Amino acid sequence: MRKVALILTTIAFFGCLALGIWISNQTSLTTTLPTPPPTDVPAPAELTHQTNLILIHVDDLQSARPAIRSLWGLFISLQDPVNVMFAPLLPLTSQETQARLLRSFRLNDNHSLDARFIENVRKDLKLTFSEYILIDDNGMRLAAAWMSERAVIPFEHALNQDESISEAEQAFFSSACDFFSASSTGGPLFAWNKFFPDYAYTNLSFQNAIRIWATLTEPQNSTRCEVFYPDRTN
């Protein structure tokens, strides 16, 4: 009976994840896109043992011009043991680089990243990536609340206040590391269908998203996760 319940829970969870990503992709397909910029957006790559993503935290994906709050790198090694590292990319850069990246930040009508911003991130930060995750204040709040329920530890940081965003995000990603390092199949399922596309957007394929999530949350895997937060540079 326990095995049957576990199987049904797993099916329900990934079913919700599939629906969320499908809704996100449908939004991309049904929205009239503006004239493509001269720089091509890198196509999502085949998932390898080493995967680099960027996570962009914005204020509100429902606004006409979402404002970027921060930019993080998510570096995942799917080999055994699984290794995950979160590292801030903005605002911990030089003021000149930060200003250039912020000026180029744009979202297309379907919430996808503008190609100029992607290329600037790759060039200025010397970062190789092709996939990204956009998340706004409401999405961060929902994710933090869900992790709190799983860990039975309340998340008491405000993720929508610029003056305390660095501390709050460090706590958020530290909670994520705690979750991945001690993942289990118990607890409430995440409502992916309520998450996408209103509060988050990703160009991850469903297959890649499933493999990453399944690997990071597999109880039998030994996942090492850390939040790297260097001092600000001038």
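A disulfide is a pair of cysteine sulfur atoms within 2.5 Å. A search of the whole structure finds one disulfide. The structure is a predicted model, in which local features need pLDDT of at least 70 and side-chain atom pairs count only at pLDDT 80 or more, while totals for chains, interfaces and linings use all residues. Residues are numbered from 1 along each chain as its sequence is written, and side-chain values use heavy atoms, with hydrogens and water left out.

**The disulfide**

The bond joins cysteine 177 and cysteine 225, whose sulfur atoms are 2.0 Å apart. It links distant parts of the chain, since cysteine 177 lies in helix H5 and cysteine 225 in strand S6 (residues 223-227), 48 residues apart. Helices (H or I, at least four residues) and strands (E, at least two) are DSSP runs, numbered from the N terminus. The torsion about the S-S bond of cysteine 177 and cysteine 225 is about -60°, so the disulfide is left-handed. Cysteine 177 is buried, with a relative accessible area of 5%, and cysteine 225 is buried too, at 18%. Here buried means under 20% relative accessible area, exposed over 50%, and partly exposed in between (1.4 Å probe, protein chains only).

**The nonpolar cores**

A nonpolar core is a set of buried Ala, Val, Leu, Ile, Met, Phe, Trp, Tyr and Cys residues joined through side-chain atoms within 4.5 Å. The largest one has 34 residues, and Ile76, Val84, Phe86 and Phe172 have the most contacts inside it. Among the elements that give two or more residues to this core are strand S1 (50-58), strand S2 (68-77), strand S3 (82-90) and helix H5 (165-181). H5 supplies the largest share, seven residues. Apart from this core lies another, of 22 residues, including Val58, Phe75, Tyr132 and Tyr201.

Contact means heavy atoms within 4.5 Å. Leaving aside neighbours within four places in sequence, phenylalanine 86 is in contact with residues that include Trp72, Leu74, Phe173, Phe180 and both Cys177 and Cys225.

**Salt bridges**

A salt bridge is a side-chain nitrogen of Lys or Arg within 4 Å of a carboxyl oxygen of Asp or Glu. The count comes to six salt bridges, including these:

| Pair | N to O distance |
|---|---|
| Aspartate 137 and arginine 69 | 2.8 Å |
| Arginine 100 and glutamate 96 | 3.7 Å |
| Arginine 122 and glutamate 119 | 3.2 Å |

Aspartate 137 lies in helix H4 and arginine 69 in strand S2, so this pair ties together parts that are 68 residues apart in sequence. Aspartate 137 and arginine 69 are both buried.

Arginine 100 and glutamate 96 both lie in helix H2 (residues 95-104), four residues apart, about one turn of the helix. Arginine 100 is partly exposed, at 27% relative accessible area, whereas glutamate 96 is exposed, at 59%.

Arginine 122 and glutamate 119 are separated by about one helical turn because they are three residues apart in helix H3 (residues 115-124). Arginine 122 is partly exposed at 28% relative accessibility, and glutamate 119 is partly exposed at 26%. Elsewhere, salt bridges that share partners join Arg69, Asp137 and Asp162 into one network.

**Helix H3**

Among the buried residues of H3 are Phe117, Ile118 and Val121. The buried residues of this helix pack against S2, H2 and strand S4 (131-136). At the start of H3, a side-chain oxygen of aspartate 114 reaches to within 2.9 Å of the backbone nitrogen of arginine 116. After H3 comes lysine 126, whose phi is positive, near 50°.

Methods: Polar contact = N/O pair within 3.5 Å; in protein donor to acceptor, adjacent residues only side chain to side chain.
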